[in-house]
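Subject: Structure for your files

Hello,

Here is the structure I said I would pass on. My notes on it follow below.

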Amino acid sequence: MNGEPLAGERRGIPLRAVIPNAVTALALCSGLTGIRFAIAQDWERALIFVVIAAVLDGLDGRIARMLKGQSRFGA
């Protein structure tokens, strides 16, 4: 073999694992954005982004279990 995938064989991360990881990354970015707004004393936006982060954090595990796409990153 020369390292190329066989016919029908896929390489890389399956899509079912990418989706929950993307939600986890969005939650992380949203939380950090909320912190940024809090440092700037823009309390309303800070609260909105922290709440969005909390909702996304609650959803990512459920999405991963539903799609059977758990990963170490999401854990």
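**Notes on helix 1 and the chain**

Thr 24 sits in helix 1, which covers residues 15-39. The model is a predicted one. With a relative accessible area of 15%, Thr 24 falls under the 20% cut-off and therefore counts as buried. Leu 56 is 32 residues away from Thr 24 in sequence, yet the two C-alpha atoms are 7.0 Å apart in space.

Ser 30 also belongs to helix 1. Its relative accessible area is 6%, so Ser 30 is buried. Which residues does Ser 30 contact, once its neighbours within four places in sequence are left aside? They are Phe 49, Ile 52 and Ala 53.

Two items concern aromatic rings. Arg 36 lies over the face of Phe 37, and the distance to the ring centre is 4.9 Å. The count of aromatic pairs is one.

As for the chain as a whole, the secondary structure consists of two helices, with zero strands. The chain has 75 residues, and 21% of them count as buried. Its accessible surface is about 6,000 Å², and carbon and sulfur atoms account for 63% of that area.

Regards

How values were computed
Residues are numbered from 1 along each chain as its sequence is written. This is a predicted model: local features need pLDDT of at least 70, side-chain atom pairs count only at pLDDT 80 or more; totals for chains, interfaces and linings use all residues. Side-chain values use heavy atoms; hydrogens and water are left out. Helices (H or I, at least four residues) and strands (E, at least two) are DSSP runs, numbered from the N terminus. Buried means under 20% relative accessible area, exposed over 50%, partly exposed in between (1.4 Å probe, protein chains only). Accessible areas come from the Shrake-Rupley method with a 1.4 Å probe; for residues, only the protein chains shown count as cover. Rings of Phe, Tyr and Trp (its six-membered ring) pair if their centres lie within 6.5 Å; planes under 30 degrees apart count as stacked, over 60 as edge-to-face and the rest as tilted. A charge sits over a ring if NZ of Lys or CZ of Arg is within 6 Å of the ring centre and within 35 degrees of the ring normal. Contact means heavy atoms within 4.5 Å.
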